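User: Could you walk me through this fold, one question at a time?

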Amino acid sequence: MQAIRCSVCASRAVGGLQRPTNKSIIRKEAACIRFLSSSETSILSNAQPEVQKMVEWAEAMHMSNASPSADRGFYTVPFAQLGGNLSQDSIIKRAASMVTDSSSTFLSQATSALIDALTDYSKAVHRRITLQRRFLASLGKLTSAEEDFFCQLINGQRAEAADRLAECKSYESTWINAINLSKMAAETAYISGAEQASVTIRTNIQLAQSQVEEARKLSADADKKLAETKVEEIQRMAEYTAFLGDSEEHEVHEAYLRED
């Protein structure tokens, strides 16, 4: 940094440590020393921001190298945080177990939603069956206003059952995806060496399939009874029409059946 030198300093460098005797030369040497000291301080002061930038840059590079996957959206758990000196196989098994746990949770929620939807659909169908049978049993005993009221109730229950059926189809699609995902997780866990996790999720798959099958049986039974009620309805309406001898009035009573 002492790139600036005066002629006196140069002569001293050449002449060694010879002590000068001239007072004017001594004064020049003192001035030269003060000049060099002030110049060095100025240079260091000006260089300080650049040095700070280099320090900050080095720290940033250190942080980047410490977690190279951060920019890619991945999260890597250091071995020390997992406890002990775990091998790669052990870490993979743990990861596979976590996948099976997540898949089991997804499957459980999807199964619960589908079962609830199937149950609600079955209840809606049974309510419709009850209304239709009451209406058929009351034919000839109801006023025109009462018949219209029954028709409105039946049509409303028909719409309710249709909505519940659409809900069933939506949740069934989600449930099938959950089953397939769980099967993949079970296979992955088995290949990774996490046999217990694989066995557990396969058991959960079987349980979910069994529960959904029971709910499907209930909804299928409701559909079967609804079909039987429709047959009874057709027969009863035909008898009622013959009794009245008026096909036009029969068309009015039968209006709520046309949507099926």
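Analyst: Of the 260 residues in the chain, 26% count as buried, where buried means under 20% relative accessible area, exposed over 50% and partly exposed in between, with a 1.4 Å probe and protein chains only. Bear in mind that this is a predicted model, in which local features need pLDDT of at least 70, side-chain atom pairs count only at pLDDT 80 or more, and totals for chains, interfaces and linings use all residues. Residues are numbered from 1 along each chain as its sequence is written, and side-chain values use heavy atoms, leaving out hydrogens and water.

User: How many helices and strands does the chain have?

Analyst: Elements here are DSSP runs numbered from the N terminus: helices are H or I with at least four residues, strands are E with at least two. From the N terminus on, the order reads α-α-α-α-α-α-α. That gives seven helices and zero strands.

User: Are α4 and α5 roughly parallel or roughly antiparallel?

Analyst: Axes are lines fitted to C-alpha atoms, for helices over the stretch in contact, and angles run from 0 to 180 degrees between N-to-C directions. The axes of α4 and α5 come within 7 Å and cross at roughly 160°. Angles under 35 degrees count as roughly parallel, over 145 as roughly antiparallel, 65 to 115 as roughly perpendicular, and the rest as oblique. So α4 and α5 are roughly antiparallel.

User: What residue classes make up the contact of α4 with α5?

Analyst: α4 passes α5 in a left-handed crossing, meaning that the near helix is turned anticlockwise from the far one by less than a right angle (clockwise would be right-handed). For the classes, Ala, Val, Leu, Ile, Met, Phe, Trp, Tyr, Cys and Pro are nonpolar, Asp, Glu, Lys and Arg are charged, and the others, Gly among them, are polar. The contact of α4 with α5 splits into 28 nonpolar, eight polar and eleven charged residues.

User: And α4 with α6: roughly parallel or roughly antiparallel?

Analyst: Helix α4 covers residues 88–137 and helix α6 residues 195–244; they pack at about 15° with axes 9 Å apart. Their crossing is left-handed, and the contact has 18 nonpolar, twelve polar and nine charged residues. With an angle of about 15°, the pair therefore counts as roughly parallel.

User: What about α5 and α6, roughly parallel or roughly antiparallel?

Analyst: α5 and α6 pack at about 160°, with axes 11 Å apart. α5 passes α6 in a left-handed crossing. Given that angle, α5 and α6 are therefore roughly antiparallel.

User: Is Ser173 buried or partly exposed?

Analyst: Ser173 sits in helix α5. Its C-alpha is 9.3 Å from that of Leu114, 59 residues away along the chain. At a relative accessible area of 40%, Ser173 is partly exposed.

User: How many disulfides does the count come to?

Analyst: A disulfide needs a pair of cysteine sulfur atoms within 2.5 Å. Cys151 is buried at 12% relative accessibility, and Cys168 is buried too, at 4%. By the distance rule, the number of disulfides is zero.
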